[in-house]
Amino acid sequence: MTDIATTARNLLDAGLGRLASADDLESFEVIQRDVLGKKSALAALNTHLRDLTPEQRREAGEAIKATRDTLTEESARIRALLVERHRREQLAAERMDLSELAAAPAGPPLAWSGRGAGHSHLVTSTRDELEDTFVAMGFTVAEGPEAETDWYNFEALNMPPDHPARGMWDTLYLRLGQPGQVLLRTHTSPVQVHLMESGMLPIYAVMPGRCYRRDTPDARHLPVFHQIEGLVVDRGITFGDLAGVIEAFTGAFFGPGMHSRLRPSFFPFTEPSAEFEVTCPICAGGGCRTCSNSGWIELGGCGMVDPNVFRAVGIDPEEYSGFAFGFGIDRLAQVRASLSDMRALLDNDVRFLSQF
Ligand code: FA5
C-alpha cells in the first residue's frame, strides 16, 4: 500500500472523530472546512499523486476518493442532526407557557372562563344540520359561485332571453362584462348546471349557498338569503323517487311523525313541478298561527329535471332522468325558531342570537 493510501485511511479515522466532536452548527462548519475543504490535508494529498507510478496512482486515487466520499456522507448526516437540534432548541426557547399567565398572582384573571364564547349563527347551524342530514342520506355537498352569468342563472335553466318566467326572480345585475349578462344568483339552481356540465354522472348532490334578490326586506323576505338545492341525475329516476326522498328527508330532519306533501306548481326548469310542504313543526300538524291553521308549512319547490335543461348541458334525456328541489334555509330557521320577523336574523343583537 502506498504512503498516500495509508495517509488517506488515517485521515478518514481522524476526520470521522473530528466531525463527531462538533457540538453546534458553528463549530461544525469550522471542522468540516478543516477536514474536507480546499486547504485540508486530504485535498493536499492529490498534489502528490503525480509522483507515483500509474498502478500506485490508481490505488492511492481510489483510497483518497473513498475517504472523501465517506467523510462527505458523514458530514451531511451530522449537519442534519445539528440543524434539527438547533431547530428544537429554538422552539423551546420561543415557547410561551400560557398556563404561567393564568397562574399570575396579580392583575385581572387571564384564564378563559368560557363566558362570552360565541357559537354558530342560527342560519349557519341550520345549514350544517341540513348538510348532515343529506350526507347521511347518501348525498354529497357541492358549491358554486355567487356571481353568475345569465346563462347559468336563467338560459341553461330553460329561460331564454325575455322568457316571462324570469320575472319570478327580481334580479340584481353587476356592472361587469356585457350589460345584463353578469348577476348575483337569484337561487342555487345554477349550481345544478355547473354540476351537470361537469359530466360526472350519476349525481346525488345538495348545494347550499347565499342568494340575492331585489326583494324589500320584510317579515318573510331578505334581499340576501340562503337556499339549499338538491339534484339527482341517474338512469331510471322517477317522480316516485322525488316524493320518497322528500318524505325521507322530512322524517330525518324534523323527526318522527313529520310528513311531506306535494302540490302542483310551475318552475321553468322542472316538468312536472311541485311545491312541497311539511307538517308544521310548531304545532306538529294540529294547526296554529304560523301555518294559518292548515297544519302544513310550504318549504320550497321541486320537480323532474326538464329535458331542455339536460340538452343545454349535453346530457341525453332519453338515457338519463332526474329530479331537483330547492328551499330557503332562513325561512326554515324562521319557522323552527318561531320568529315572527325574519329581519331579526340580520340584526346582530346578541340578546336575540344567544338564545339559539
Ligand atoms: C326557487 O328559487 C327555485 N330555484 C327552487 C327550485 C329548485 C324549484 C329546484 C324546483 C327545482 P323560489 O323562488 O320559490 O324557488 O324560492 C325557494 C325558496 O327560497 C322559497 O320557498 C323561500 O323559502 C326562499 N326564498 C325566496 N326568496 C326569499 C327571500 N327574499 N328571503 C328569504 N327566503 C327566500
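Predicted model: local features only at pLDDT ≥ 70, side-chain atom pairs only at ≥ 80, totals over all residues.
Me: Start with α9. Which residues does helix α9 cover, and how far does it reach from its first C-alpha to its last?

Reply: Helix α9 takes in residues 239–254, 16 residues in total. Its end-to-end C-alpha reach is 22 Å, close to the 22 Å expected at 1.5 Å a residue.

Me: Which residues of α9 are buried?

Reply: Leu242, Val245, Ile246, Phe249, Thr250, Phe253 and Phe254 are the buried residues of α9.

Me: Why do they lie on the same side of α9?

Reply: General idea first. An α-helix has 3.6 residues a turn, so residues three or four places apart point the same way. Now the case here. The buried set is Leu242, Val245, Ile246, Phe249, Thr250, Phe253 and Phe254. They cover an arc of only 135° around the axis, so they sit on the same side of α9.

Me: What covers the buried residues of α9?

Reply: Both helices and strands take part. The cover includes helices α6 (122–136) and α11 (329–336). It also includes strands β6 (260–267), β7 (270–279), β8 (296–305) and β9 (321–328).

Me: What follows α9?

Reply: Gly255 does, and its phi is positive, near 110°.

Me: Take α6 next. At what angle do α6 and α9 pack, and how far apart are their axes?

Reply: The angle is about 125°, and the axes are 10 Å apart. That angle makes α6 oblique to α9. The crossing is right-handed.

Me: Which residues make the contact?

Reply: From α6 come Thr126, Glu129, Leu130, Thr133 and Phe134. From α9 come Phe249, Ala252 and Phe253. Two of these, Phe249 and Phe253, are also among the buried residues of α9.

Me: Asp132 lies in helix α6 too. Is Asp132 buried or exposed?

Reply: The cut-off for exposed is over 50% relative accessible area. Asp132 has 54% relative accessibility, so it counts as exposed.

Me: How far apart are Asp132 and Gly322, in sequence and in space?

Reply: The two are 190 residues apart in sequence. In space, C-alpha to C-alpha, Asp132 and Gly322 are 22 Å apart.

Me: Now α11. How many of its residues are buried?

Reply: The helix is mostly covered, with 6 of its 8 residues buried. They are Ile329, Asp330, Leu332, Ala333, Gln334 and Val335.

Me: What covers the buried residues of α11?

Reply: The cover includes helices α6 and α9. Strands β4 (203–212), β5 (224–234), β8 and β9 are also included.

Me: Which residue takes a positive phi just after α11?

Reply: Ser338 does, at about 50°.

Key:
Residues numbered from 1 in each chain as written. Heavy atoms only, no water. Helix = DSSP H or I, 4+ residues; strand = E, 2+ residues; numbered from the N terminus. Expected span 1.5 Å × (residues − 1). Buried < 20%, exposed > 50% of the residue type's maximum accessible area, 1.4 Å probe, protein only. Arc of directions from axis to C-beta. Contact = heavy atoms within 4.5 Å. Axes fitted to C-alpha atoms, helices over the stretch in contact; angles between N-to-C directions. Parallel < 35°, antiparallel > 145°, perpendicular 65-115°, else oblique. Left-handed = near helix turned anticlockwise from the far one by under 90°.
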